[in-house]
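Subject: Structure for you to look at

Hello,

Here is the structure I said I would pass on. My notes follow below it.

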Amino acid sequence: MSLFTRGARLAALAACVLLTGCGGSVADTDSQPARSSRDAAPSASPFCAASRANSAAIGPLNALVSRGDPDPDELAQAVEAVRRAGSQLVAVAPPEVHDDVQLTVDAVDTQLDALLASGGDARAVSNDPTVATRLAAPELTAASERLAGYVSRTCGAATQR
């Protein structure tokens, strides 16, 4: 089960395309289903590649946080990898979803800031009022829905595990 509360997990799904290919949040420890062979041929666009790379960047952070009491240097490195992946995604986002990508990356950054401030304590992140307010924003939910639909249509099922 996710380390986030139900409300934070639902809101974190708003950032699903960027963080985990729609599998959870920055502190989600749920396992991802295996990809099937029918998912094997996603688009080779820079955006789709960045989306996949961004999804992959969250894995080490999830593992680190799920172990508990992460080393501060390891936590900082894992957070920085997620930030770089998010920045790359914004840089290559097509105009029709650029604003949605930016809004989502900004929300993810809020979660990452709280995760660093708490020393990797995902429960503290889920109880952080700044994070909760940001993730509960209707505009983030709408952006996430548009972005998830775009990724599904243009990048194929392989990007959305």
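Which residue's side chain does the side chain of threonine 110 join in a polar contact? The partner is arginine 134, at 3.2 Å. A polar contact is a pair of N or O atoms within 3.5 Å; within protein, one must be able to donate a hydrogen and the other to accept it, and residues adjacent in sequence count only if both atoms are side-chain atoms.

This is a predicted model, where local features need pLDDT of at least 70 and side-chain atom pairs count only at pLDDT 80 or more, while totals for chains, interfaces and linings use all residues. Residues are numbered from 1 along each chain as its sequence is written, and side-chain values use heavy atoms, with hydrogens and water left out.

Threonine 110 sits in helix α5, residues 95–117 (helices are DSSP runs of H or I, at least four residues, numbered from the N terminus). Threonine 110 counts as buried because its relative accessibility is 13% (buried means under 20% relative accessible area, with a 1.4 Å probe and protein chains only). Beyond neighbours within four places in sequence, threonine 110 is in contact with Thr130, Val131 and Arg134 (contact means heavy atoms within 4.5 Å).

Helix α5 also meets α4: their axes come within 9 Å and cross at roughly 170° (axes are lines fitted to C-alpha atoms over the stretch in contact, and angles run from 0 to 180 degrees between N-to-C directions). The two helices are therefore roughly antiparallel, a label for angles over 145 degrees. Among the residues that meet are Leu75 and Val79 in α4, and Val105 and Leu112 in α5.

Regards

Conventions. Buried means under 20% relative accessible area, exposed over 50%, partly exposed in between (1.4 Å probe, protein chains only). Angles under 35 degrees count as roughly parallel, over 145 as roughly antiparallel, 65 to 115 as roughly perpendicular and the rest as oblique.
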